[in-house]
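I opened this model to follow its sheet strand by strand, and then to look up a few single residues. My entries are below, in the order in which I made them.

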Amino acid sequence: MSLLKKYKLTWILLALCIIMAGYLLWTTYAKPKLPIIRPVESFSLENVDGRNITLEDTNGKVRLFYFFFSSCPDVCPLTTFRLSQVQDLLKDKGMFGKDAEIVSISFDPERDSREAIKAFGDKFKADYSGWYFLRGDQQKTMDLAMNSFKILINKDQNNNFVHMDLIGLVDRDGNLRNIYRPESTPQEIAQGVIDLAKE
């Protein structure tokens, strides 16, 4: 009688143990995929270099979306600085501009000329090869923020803005997959981009 037949039950139990160990390792360390929250609406906005950029132009890369205005006195500079740190982390991984981009969209086109938002981006050492700074029709931009990201932007009669300080994570196909809040660290955000790029 061969060893295989003699110890058949032992081999079966050993195989089951290996399968169970592999399953336990996979469920412990494998990150679940982020759900698709909703598709991002199509848009066409002017970039700092004068080109019109659409959502479709940026498809094929994982993107971080942020809505801002350059004269913001508080959260916009802080969050843009955090995004500049994410940019540097993604550059270190060789992903920035190749597999990942940042899209910052101004909702104050009256004051945010191309020159104004370029100066704002320059303050944070934005690498324009992978970081868009866009502007366009105010109402359409506010609608895009609300409809695609559920980011509320309000403007009072004195042209002062109150807005939600959130960053949207969008996959290669243009679907919103996560929202980062102000307490999210650059490392957490960069890791989210890296993980999504692997899908």
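**Hairpins and sheet**

I began at the hairpin of β9 and β10, where four residues lie between the strands and glycine 174 in the turn has a positive phi of about 90 degrees. Helices (H or I, at least four residues) and strands (E, at least two) are DSSP runs, numbered from the N terminus, and two strands pair if DSSP finds at least two bridges between them.

I noted the conventions before going further: residues are numbered from 1 along each chain as its sequence is written, and side-chain values use heavy atoms, with hydrogens and water left out. This is a predicted model, in which local features need pLDDT of at least 70 and side-chain atom pairs count only at pLDDT 80 or more, while totals for chains, interfaces and linings use all residues.

What is the order of the strands in the open sheet? I read eight strands as β1-β10-β9-β4-β5-β6-β2-β3, with mixed pairing. β1 (38-39) and β3 (52-54) stand at the edges with a single partner strand each, so one side of each has no neighbour in the sheet. I also recorded that α5 packs on this sheet, touching β2 (44-47), β4, β5 and β6 (131-135) (contact means heavy atoms within 4.5 Å), and that its direction makes about 150 degrees with that of β6. For that angle, axes are lines fitted to C-alpha atoms, for helices over the stretch in contact, and angles run from 0 to 180 degrees between N-to-C directions.

At the β3 end I found β2 and β3 antiparallel over three bridges, with leucine 45 opposite isoleucine 53. Their hairpin has four residues between the strands, and glycine 50 takes a positive phi near 90 degrees. β2 also pairs with β6 in the antiparallel sense, over two bridges, where glutamate 46 has arginine 135 as its bridge partner.

I turned next to β4 (residues 62-68), which is joined by four bridges to the antiparallel β9 (residues 167-170); the partner of phenylalanine 65 in β9 is glycine 168. Is glycine 168 buried or exposed? I found it buried, at a relative accessible area of 0% (buried means under 20%, exposed over 50%, partly exposed in between, with a 1.4 Å probe and protein chains only). Apart from neighbours within four places in sequence, glycine 168 contacts Arg63, Leu64, Phe65, Phe149, Leu176, Asn178 and Ile179. Phenylalanine 149 is 19 residues from glycine 168 in sequence, and the C-alpha to C-alpha separation is 6.7 Å.

Of its 52 residues, Leu64, Phe67 and Leu90 touch the most other members. Leucine 64, residues up to four places away in sequence not being counted, touches residues that include Leu83, Val86, Ile102, Ile167 and Val193. Leu83, Val86 and Leu90 are also among the buried residues of α4.

**Loops**

I moved on to aspartate 108, in the loop between β5 (100-106) and α5 (114-123), and found it buried, with a relative accessible area of 3%. A polar contact of 2.7 Å joins its side chain to that of arginine 111 (a pair of N or O atoms within 3.5 Å; within protein, one must be able to donate a hydrogen and the other to accept it, and residues adjacent in sequence count only if both atoms are side-chain atoms). Beyond four places in sequence, aspartate 108 is in contact with Phe69, Ser71, Gln138 and Phe161.

Last, I checked lysine 125, which has a positive phi of about 55 degrees although it is not a glycine. Lysine 125 lies in the loop between α5 and β6, and counts as exposed at 67% relative accessibility.

Definitions and conventions. A nonpolar core is a set of buried Ala, Val, Leu, Ile, Met, Phe, Trp, Tyr and Cys residues joined through side-chain atoms within 4.5 Å.
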